[in-house]
Amino acid sequence: AMYRQHAIDCGVDLTGCAVVPCDHRADGCIVKIPPIHPETMDEMVPEGFRLTGEQCETLRIETGLDYLIVQAE
């Protein structure tokens with residue numbers, strides 16, 4: 001709930017989206033809104049990309065990303 005509220009506070013339209021922690025629990029999720037690197041402002045993962053739990057853990061460790069916005073099931 002905290003991550004979802006943060007996304008809403010940042011102005012993200014979460015229609016058709018789910019907000020999930022960026023860790024092994026996001027295994028198999030499909031990115032709906034690409035996460036943006038905080039320093040370079042580049043997209044880290046493109047929309048429509050299906051992530052593995054290992055990729056999520058790597059993103060979290062390397063960039064500090066807390067959550068992902070993915071397609072709702």
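**Sheet, cores and selected residues of a predicted model**

Three strands form an open sheet in the order β1-β3-β2, and their pairing is antiparallel. Strands are DSSP runs of E with at least two residues, helices are DSSP runs of H or I with at least four, and both are numbered from the N terminus. Two strands count as paired if DSSP finds at least two bridges between them. The edge strands, each pairing on one side only, are β1 (17-21) and β2 (31-33). From one strand to the next, the twist averages 55°; the axes behind this angle are lines fitted to C-alpha atoms, for helices over the stretch in contact, and angles run from 0 to 180 degrees between N-to-C directions. Strand β3 (residues 67-71) pairs with β2 in the antiparallel sense over two bridges. Ile69 in β3 is the bridge partner of Ile33.

The model is predicted, with local features requiring pLDDT of at least 70 and side-chain atom pairs counting only at pLDDT 80 or more, while totals for chains, interfaces and linings use all residues. Residues are numbered from 1 along each chain as its sequence is written, and side-chain values use heavy atoms, with hydrogens and water left out.

Two helices and three strands are present in the chain. Counted from the N terminus, the elements run α-β-β-α-β. The radius of gyration of the chain is 11 Å, close to the 11 Å that the globule rule gives for 73 residues, so the chain is as compact as a globular protein of that length. This radius is taken over C-alpha atoms, and the globule rule is 2.2 Å times the number of residues to the power 0.38. Along the principal axes, the C-alpha atoms fill a box of roughly 30 × 25 × 20 Å. Of the 73 residues, 34% count as buried; buried means under 20% relative accessible area, exposed means over 50%, and partly exposed lies in between (1.4 Å probe, protein chains only). Contact means heavy atoms within 4.5 Å. Among contacts between residues at least 6 apart in sequence, 55% join residues at least 24 apart.

The largest nonpolar core has 12 residues, including Val20, Cys22, Val31, Val45, Cys56, Leu59 and Val70. A nonpolar core is a set of buried Ala, Val, Leu, Ile, Met, Phe, Trp, Tyr and Cys residues joined through side-chain atoms within 4.5 Å.

Leu59 counts as buried because its relative accessibility is 13%. With neighbours within four places in sequence left aside, Leu59 is in contact with Cys22, Met44, Val45, Gly64 and Leu65.

Asp23 is found in the loop between β1 and β2. Asp23 counts as buried, at 10% relative accessibility. Its side chain is joined to that of Arg25 by a polar contact of 2.6 Å. A polar contact is a pair of N or O atoms within 3.5 Å; within protein, one must be able to donate a hydrogen and the other to accept it, and residues adjacent in sequence count only if both atoms are side-chain atoms. Leaving out residues up to four places away in sequence, Asp23 touches Gly53, Cys56, Glu57 and Arg60.

Glu57 is located in helix α2. Beyond its neighbours within four places in sequence, Glu57 is in contact with Asp23 and His24. The side chains of Glu57 and Arg60 make a polar contact of 2.3 Å. Glu57 and His6 lie 51 residues apart in sequence and 20 Å apart in space, C-alpha to C-alpha.

Met41 lies in the loop between β2 and α2. Although Met41 is not a glycine, its phi is positive, at about 65°. Met41 counts as exposed, with 59% relative accessibility.
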